[in-house]
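Welcome, and thank you for joining this tour. Open the model in your viewer, keep the selection tool at hand, and follow the stops below.

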Amino acid sequence: AEQLKIAFYGQVVVQEHQALPDSTLDSTMAWSRSAVQQIPPYLIANNKMNYKVNTVGKMDGTKVLNISAALKGEIAVVDKKLPIKIKASSVTGKGTSVIEAETGYTRSKETSMVQSIQMDVTPPQTNKTQTLKQVKTMKLSVKMMN
């Protein structure tokens, strides 16, 4: 149980990564990405991110894109043989960013994410079930400095 608590809170924040599309955008100016993220040592997050270019403009003479993002996912156990039963889980997030169209550099970014999990853990040594519930909220602000 203690290892799960430490692993859940010790997860690396990867919100700064901007998953740009692999090909030219269509008329919707939107794209999606699915990602699997390990939450060491026993959990895994299966996430889907949806992105949309809201506006194209200029900032300091440079062409920039204003992009919104939405994240939705769930947390699962890596190995079904482990004595862990996920009762409820969710990963949600949203954000906006302004990036330079030519270079992809982030000018500014505001993101937030909430991970929630409730699970039962029954160690074979004690055969006593413990219920764990955790909610982790993360917020990230990035601004390019001149």
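## First stop: a pocket

The residues that line the second largest pocket divide into ten nonpolar, two polar and three charged. In this sorting, Ala, Val, Leu, Ile, Met, Phe, Trp, Tyr, Cys and Pro are nonpolar, Asp, Glu, Lys and Arg are charged, and the others, Gly among them, are polar.

Before you select anything, a word on the source: this is a predicted model, in which local features need pLDDT of at least 70, side-chain atom pairs count only at pLDDT 80 or more, and totals for chains, interfaces and linings use all residues. Residues are numbered from 1 along each chain as its sequence is written, and side-chain values use heavy atoms, with hydrogens and water left out.

Now select Leu65, Ile99, Glu100, Ala101 and Glu102: of the 15 lining residues, these are the closest to the centre of the second largest pocket. The volume of this pocket is about 220 Å³. A pocket is found on a 1 Å grid over the protein atoms alone, as an open set of points where a 1.4 Å probe fits, with protein on both sides within 12 Å along at least five of seven lines; lining residues have an atom within 4 Å of a point. Grid points are joined across faces, edges and corners, and the volume is the space filled by probe spheres set on the points.

Strands E3 and E4 each supply at least two residues of this lining. The largest share, three residues, comes from E3.

## Second stop: the whole chain

Zoom out and colour by secondary structure. The protein chain has one helix and six strands, in the order α-β-β-β-β-β-β along the sequence. Helices (H or I, at least four residues) and strands (E, at least two) are DSSP runs, numbered from the N terminus.

Of the 146 residues of the chain, 34% count as buried. Here buried means under 20% relative accessible area, exposed over 50%, and partly exposed in between (1.4 Å probe, protein chains only). Among contacts with a separation of 6 or more, 55% join residues 24 or more positions apart; a contact means heavy atoms within 4.5 Å.

Select valine 36 to find asparagine 46 of E2 opposite. Two strands count as paired if DSSP finds at least two bridges between them.

Move on to E3 and E4, which are also antiparallel, with ten bridges. Their hairpin runs through six residues, and lysine 72 stands opposite threonine 92 in E4.

E4 also pairs with E5, in the antiparallel sense, over 15 bridges. Lysine 85 has aspartate 120 in E5 as its bridge partner. Five residues lie between E4 and E5 in their hairpin, and glycine 104 in the turn has a positive phi of about 80°.

Which residues have the most contacts inside the largest nonpolar core? Select Leu43, Ile67, Ile75 and Met119 to see them, in a core of 21 residues. Strands E1 (30-39), E2 (43-59), E3 (62-77), E4 (84-100), E5 (106-121) and E6 (130-143) each give two or more residues to this core. A nonpolar core is a set of buried Ala, Val, Leu, Ile, Met, Phe, Trp, Tyr and Cys residues joined through side-chain atoms within 4.5 Å.

Stay with leucine 43, in strand E2. Leucine 43 counts as buried because its relative accessible area is 2%.

Select arginine 107 in strand E5. Is it buried or exposed? Arginine 107 counts as buried, because its relative accessibility is 11%. Beyond its neighbours within four places in sequence, arginine 107 has contacts that include Met59, Asp60, Val98, Glu100 and Val142.

## Last stop: two loops

Most residues other than glycine have a negative phi. Methionine 29, however, has a positive phi near 55°. Methionine 29 sits in the loop between helix H1 (2-9) and E1, and is partly exposed at 30% relative accessible area.

Finish at asparagine 127, in the loop between E5 and E6. Asparagine 127 has a positive phi near 55° and is exposed, with a relative accessible area of 61%.
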